[in-house]
Amino acid sequence: MTTRIFKFITFIIFLSGICATTANAENKSQVVLISFDGMRNDLTRNYVKDGKLPNIEHVIKNGTMAKYSTTVRPSLTAPSHAAIATGATPLKTSIVSNVWQQKDSAMTNQKDAFMSELEVDPLWVSARKQGKTTATVAFAGANPAVGKQADFTIYYGDTWSPSKQEKLHFQEASGWSRPPESYSPLKEASFHIKVKDGKNQKVHVLAVDSTNDREKNYDSFMVTDQKTERNNPVISNGWGSMELRVQENSNAGFWFKITAEDQSLDNGAVIYQSAVTSGLIDGPKDFSEQIRGKFGFFPPQEDDRALEKGWISRKEYEQISERFANWVTDVSLFIKNEYEPDLLMFYAPQIDHQEHKYLLTDPRQPGFTENESKKNAEYIRWAYKTADKTVGKTVKALDENDYLFIVSDHGMEPAHSAIEPNKVLKDNNLLVLDSAGKIDYKKSKAIAIPSGSAAHVYINLKSREKYGIVPHEKYEEIRSEIIQAFKGVEVDRNENGPVIKYHLKEIWNSTINLSFNGLKENTESLYGYLTNAKEHPYQEIKKIPQQGNLKERNAGDVLLMAAPGYIMGKGVSNIVKPTPELGTHGGDPGREKLKAVFMAMGPDISNGKQIGSVSTLDIAPTIYNLLGLETPSYVEGKNIEELTE
């Protein structure tokens, strides 16, 4: 072979390599998953049918939707998101509840699941270890504070100071460097923010009259912690934001609105200041600075306290929540386009939050009236519409080779009553109170730690608990005693005309929607009311498998899950009492209102197809398959083959 021919062949091979690399880059598929906390399968379908969710309807028409998705037991946010992320059940992930008893400490000490590490690798870690690039934004379980997560990780940080409202008193301004032009003498006021673990920080407010009408019309304000800094003025009753240095090398921020009683400011003004919040950002060099520089600080998720106190209107409350949803979505899609991760997972909490507060559909609920129910339904509908806007933005950012998964972790049921499992333990001499009425863990044999409609009961076992008193040989005896105590709890079902009417309506809706499970649930409940039968509020009481010396589990020894309509309370005084929240989850995930959603869209996913039911455990292995990765041995779900058939 001559030298010239050899060089020519080498050139052709080189050129082919470039073409192949370019083609691969152009054909690269990204998987994007959005988790909408608390998105109910039945409500989503009803809103789509009514034309309320056009973007989600687009995904359904151009992709595949499951009949419903069933989550793990208990159907709580942290365990369910761990299942989505790993394909493994709570006893494998170690995320057994939203809170649990902390190891090697007093029985009343609790561990926050959202600050805990998963026992097995989630998708974003396992895929990264197999050579893929991954990103998560606000996704439950992806907390960089507990260790390296995705290549790009953004998560909830601290709340450095709570929201507040206070009166501003203005005087003639002085000492400002390069102030804006004003047609009336500049005025100033100040207020202080008490930062957690820090000193009070003084914030200055400069009032500006920007209207040349020979009147004192202070219509805009500049808010800053340094009179030498120049911020853009914010119009009266408009939103502004300010970044705040809360610690060395740590920035946070807040949003505010200033409302003047009169434009002369003779009677001062009122400022609403949101919570001071920050986020945790982990990624390559300068990634954190890039995100903060382009999108600002991690905003507050909502402000229920301000709404309840009347500091903000419902419209302003929604603006705060929408700002958070937009921030998470915009940051996520920026990462998708700028860094092109193979897997991007992000999270939206608005639906879950509104359903907890406003799911007023059952006549047994405190404060139920038809008018209040209709008003509350609008708040929940707003949350679903906010989710739909997130879907719309995401769909526009997809390339033709990308996959989109829309999932939820659980549904939501209306709650009419709270039950207190520690009251049951106390009445059966398994839990003891001291003279001050607090739990005496040195004398108690067991304690329940509730979350939502579920609770783990922990036996105060010797050698396992810090102050354990139950010998190992008595373990099964005490566990059986606990189970019998809860099985014996009954409450009355008082006959109630509106309740019967409610169940008849639910039966009709189940028939129209071909929901045989919902039909069965409501028929059984209606029969109980018609016969005035007693009801067992603790619907499921089961032993949790233990291993070895019983020390290596976050799980309790007994799992309690409530019947529909009940939420677990933390007190020790009442068998049953009015509910503190209108919406709840944590019970049997097979119940109709607790079923989650699953839909997917992508290049080889069928259009307009409905498949059978799936499990949240099936999501991870399906994504492993799409990414061409090895599925870890701990995964208990299965690849959803119907998606691409």
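Residues are numbered from 1 along each chain as its sequence is written, and side-chain values use heavy atoms, with hydrogens and water left out. Because the model is predicted, local features need pLDDT of at least 70 and side-chain atom pairs count only at pLDDT 80 or more, while totals for chains, interfaces and linings use all residues.

**View 1. A salt bridge between Asp-342 and Lys-28.** The structure holds 30 salt bridges, a salt bridge being a side-chain nitrogen of Lys or Arg within 4 Å of a carboxyl oxygen of Asp or Glu. In the pair shown here, the closest N and O atoms of Asp-342 and Lys-28 are 3.7 Å apart. Asp-342 lies in the loop between helix H9 (314-339) and strand E18 (343-348), and Lys-28 in the loop between helix H1 (3-26) and strand E1 (31-36), so the pair ties together parts that are 314 residues apart in sequence. Helices (H or I, at least four residues) and strands (E, at least two) are DSSP runs, numbered from the N terminus. Asp-342 is buried, at a relative accessible area of 8%, whereas Lys-28 is partly exposed, at 29%; buried means under 20% relative accessible area, exposed over 50%, and partly exposed in between (1.4 Å probe, protein chains only).

**View 2. A salt bridge between Arg-73 and Glu-540.** The N to O distance in this pair is 2.6 Å. Arg-73 lies in the loop between strand E3 (69-70) and helix H4 (77-86), while Glu-540 belongs to strand E24 (residues 538-543), so the pair ties together parts that are 467 residues apart in sequence. Arg-73 is partly exposed, with a relative accessible area of 35%.

**View 3. A salt bridge between Glu-166 and Lys-164.** The closest N and O atoms of the two residues are 2.8 Å apart. Glu-166 is partly exposed, with a relative accessible area of 23%, and Lys-164 is partly exposed as well, with 22%.

**View 4. Strand E19 (residues 403-407) and its pairing with E1 and E29.** Strand E19 is mostly covered, five of its five residues being buried. In a regular strand the side chains alternate between the two faces of the sheet. Tyr-403, Phe-405 and Val-407 point one way from E19, and Leu-404 and Ile-406 point the other way. Two strands pair if DSSP finds at least two bridges between them; five bridges join E19 to E1, which run parallel, and four join E19 to strand E29 (residues 598-601) in the antiparallel sense. Val-407 in E19 stands opposite Ser-35, and Val-407 also stands opposite Phe-598 in E29.
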